[in-house]
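Please look over the sequence and the fold shown here before reading on. The paragraphs after it are meant to be read with the structure open beside them.

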Amino acid sequence: RAESMPVENLYADLLDLDFKLKWKPDNYRSLTLVVEYLYNSRPVEEEDHEVIDTKSSGSFAALDYQFRRRFNAGMFYDYTQGAENEDEFRTGYGIFAGFSLAEETTRFGLVMRRNEGSAVPESYYSALVQILWSLGPHKPHSF
């Protein structure tokens, strides 16, 4: 669609804000708060070849509580507007829990989520099982 636009008119303004707060009193407990925000403004060519400025944004927040060395649980919320239509949006929120079999290399998790918004024909719940692993030598991160 952008072929009819001159190259010098193809641009986007992006703003990204990230925040992370971690409290770790010992190796067995921690509380982590993550908040992210993304803003986008760019020209979009419509079907009638009119170019309009489109603005959209999205955000994410999560609270993760490690209550034992290998176990964690938490909650999250996310929101996003449509890339070409700011009146269209999706939102989701839910809970998660995880178990780390081996620190920094293998993790199993369960995520329960509710999805809704104007871009979703009907609100629905979803469940996801996660298996994360890494191969090779890897030293633990200190943060």
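The model is a predicted one, in which local features need pLDDT of at least 70 and side-chain atom pairs count only at pLDDT 80 or more, while totals for chains, interfaces and linings use all residues. Residues are numbered from 1 along each chain as its sequence is written, and side-chain values use heavy atoms, with hydrogens and water left out.

The protein has seven strands and zero helices, where helices (H or I, at least four residues) and strands (E, at least two) are DSSP runs numbered from the N terminus. Read along the sequence, this gives the pattern β-β-β-β-β-β-β. Of the 143 residues, 22% count as buried, a word that here stands for under 20% relative accessible area, with exposed meaning over 50% and partly exposed lying in between (1.4 Å probe, protein chains only). The accessible surface comes to about 10,500 Å², and 59% of that surface belongs to carbon and sulfur atoms; the areas come from the Shrake-Rupley method with a 1.4 Å probe, and for residues only the protein chains shown count as cover. Among contacts (heavy atoms within 4.5 Å) between residues at least 6 apart in sequence, 40% join residues at least 24 apart.

How many salt bridges does the structure hold? There are three, a salt bridge being a side-chain nitrogen of Lys or Arg within 4 Å of a carboxyl oxygen of Asp or Glu. One of them joins the side chains of R113 and D78, with 2.8 Å from N to O. Because R113 lies in strand β6 (residues 106-116) and D78 in strand β4 (residues 71-81), this pair ties together parts that are 35 residues apart in sequence. R113 is partly exposed at 23% relative accessibility, whereas D78 is buried at 16%. Another salt bridge links R114 with E116, whose closest N and O atoms are 3.1 Å apart; R114 counts as buried at 19%, and E116 is partly exposed at 23%. D26 and R29 form a salt bridge too, with 3.3 Å between the closest N and O atoms, and here D26 is partly exposed at 28%, as is R29 at 33%.

Leaving aside neighbours within four places in sequence, Q66 is in contact with K24, N27, Y28, R29, S30, F71 and N72. The C-alpha atoms of Q66 and T32 are 8.4 Å apart, although 34 residues separate the two along the chain.

In strand β2 the reader can find N40, which is buried at 13% relative accessibility. Not counting residues up to four places away in sequence, N40 touches A12, D13, L14, T54, K55 and S56.

The loop between β2 (29-45) and β3 (51-68) contains D48, and D48 is exposed with a relative accessible area of 52%.
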